[in-house]
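Morning, everyone. I have one structure to walk you through, so please look at the screen.

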Amino acid sequence: MLWDDALLDAEKVIELNSSSYFGYQLKHAALHGAHRYDEAIEAFKIILSKLENTPDTETTNLRQQYVSPCEVDGAIEASIKAQLDNAPHRLIDTSTGHLCNREAQINAFKMSAEYKELLSSTMKHADLRMERIRDVVAMYFRYVMLSHRWEGTEPLLHDIQGKVVYDLDPVGGITKLQSFCETTRDKGYRWAWIDTCCIDQTNNVEVQQSVNSMFVWYRLSALTIIYLSDVPPSSQPGTLASSAWNTRGWTVQEFLAPKFVLFYQKDWSLYLDDRSPNHKDSLGIMQEMGAATCIDAQALVAFRPGMRDAREKLQWVSSRVTTWQEDIAYSLFGIFGVNLPVIYGEKKQKALGRLLQEVVAQSGDISALDWVGQSSEFNSCLPADITAYKAPPCTLPSMSEDDIQTSISSLRHLIAVDLALKLYARLDNLNAPRFANCRLHLPCIAFRVTAVKRSRARDQEIYEVKADGLHDLLITTEDKLIQFSSPRPTMQTFLLVRPWNRYLLELPDFAEQSSLTELPDVDDDTQSEDDYWSASGSPVLVSPGGFPEAQESADSELSDRALRLIARLEQPFGAFLLAQQRGGEYKRIASDHDIIAQVKLENLSSIMDMVRTLEIL
């Protein structure tokens, strides 16, 4: 009633002076307040025409404060594009039940009250605030993702295209689809996405784009609904762990990526009747997830994709299964933050090999080489199957700081510090591991095997192995090794290698320092240039004849790091057994158990000669 009265007053003003913009300004305000946005926009267009056609210079200048609906629409279009660039191409409109492509989604927005209100309220340049436009656009295009496991007959794209989801015969996967859309709609979200029918499975380009975008889609979703079809209503705590959903490969990233998740039971009631807005904030449910997945609590609630801790991430999916064998590798693309071609039919060894090759090449992290089982045909240093990562990584007792200091004290009497410094420098100059044409170039310390003798054991091949610079050890493998010794040498060269890990150098982590340490303010004139360049983590530059104490301190620190390195090299380590091939390259001989070796530091100079980069097929 209030806005009706205001509209009547505006009409009276227009009657008194129809050539003035003022009455139409009042009319626009009344129509906008009454949510009659189409009429309000028309009134605004009349305002602009009145301002443009007036002979009054002052009134004409007033026009410059206003923006045209066309300009506003352009700003909204730019915001829509930015919003949808990282969203799924197809979404189901839960208000109508129709599957909509990108164009249909935008058209729906432009027919909505939200769009018209935005267009009507943005009259002046001062109103043209991109933040406000972004907020309206982001709110409208919020979408909900479904995480589930495929069962029986699932509806595909052609089954729902051009149809109303709610009108379909509720059988099989259609029932799940309808319930998902209804749940999404009831929670106040307009758009829904499900992998069964929102991707054209017959379009290879679209499938590849979807696989490489999936993690981002889940990450940016307003909510991810996790449907546990095998968890009955009124289940007790702990039931989540036994759900088949927890055995599927894709569901790892579908849980880790989103910031907001809700678990639903078979009847589409909330798991444990937990009505919190985000089950990642539920301590009990997260404890269940931790126990079921062996994923640490921090990653469960705030996972960050990337190459760090590669071996641990591989272990998360080592017991998972996928319908298509290649998917066990493809489902990890988002977790590692890589984009790679999707080639169904290449088989799992090649798919996993390409992924691990990328992880090692980009990060230099060699933890992915720590496995037991069968070698891959892609590269012998990689496993044939993800299950090779089921066993925990090879963990050996670490030295305490007291043990390191005791070892350093004894080493000062046994070896020359300058020799330790030379070894440190030699290892520091090694390049990171890299792949080229499926060949691994691995920096390592290589110990030549001098004797192999088979021991008798039931159903196992166990070999006693001797190698230069190492204590004698045992190796268990399904491969049959050639037996030889110094009196009866073999033509083929075997090596036990320690893959080089730069962490042993104890260099500062500059990536962490850059994120945790603030550099001094260069505009602060109370700080000298010398203070700036000697900030924490920065190198101390010493000119000849100047600051001898600083130089002495730096030399002492480097010597200490070199001796700490020697102390660590003395400790047992996980080794690879390599056999040289005809072309001079090497192949890894897979072992059924971790190969634990230990260096004999009788002659440090001989270790220097063992530092190499090997090419492994």
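Start with Phe141. At 2% relative accessibility, it counts as buried. Buried means under 20% relative accessible area, exposed over 50%, and partly exposed in between, using a 1.4 Å probe and protein chains only. Next to it in this story comes Tyr140. The ring centres of Tyr140 and Phe141 are 5.0 Å apart and the planes are at 80°, so this pair is edge-to-face. The rule: rings of Phe, Tyr and Trp (its six-membered ring) pair if their centres lie within 6.5 Å; planes under 30 degrees apart are stacked, over 60 edge-to-face, the rest tilted. Tyr140 is buried too, at 6%.

A word on the source. This is a predicted model, where local features need pLDDT of at least 70 and side-chain atom pairs count only at pLDDT 80 or more, while totals for chains, interfaces and linings use all residues. Residues are numbered from 1 along each chain as its sequence is written, and side-chain values use heavy atoms, leaving out hydrogens and water.

Back to the rings. The structure holds 17 aromatic pairs. One of them is Phe109 with Phe141, tilted, 5.3 Å centre to centre with 50° between the planes. Why does this pair tie together parts that are 32 residues apart in sequence? Because Phe109 lies in helix 6, and Phe141 lies in the loop between helix 8 (130-140) and strand 3. Helices (H or I, at least four residues) and strands (E, at least two) are DSSP runs, numbered from the N terminus. Phe109 is buried, at 0% relative accessible area. Ring pairs link Phe109, Tyr115, Tyr140, Phe141 and Trp191 into a cluster.

An open sheet of 6 strands has the order 2-1-4-3-5-6, with mixed pairing. Its edge strands are strand 2 (98-100) and strand 6 (261-264), each pairing on one side only. Two strands pair if DSSP finds at least two bridges between them. Strand 1 (residues 91-93) and strand 4 (residues 191-193) run antiparallel, joined by 2 bridges. Ile92 stands opposite Ala192 in strand 4.

Last, the cysteines. How many disulfides are there? The count is 0. A disulfide here is a pair of cysteine sulfur atoms within 2.5 Å. For Cys181, the closest cysteine sulfur is in Cys197, 7.5 Å away, too far for a bond. Cys381 is in no disulfide either; the nearest cysteine sulfur, that of Cys444, is 9.3 Å away. Cys181 is buried, at 0%. Cys381 is also buried, at 0%.
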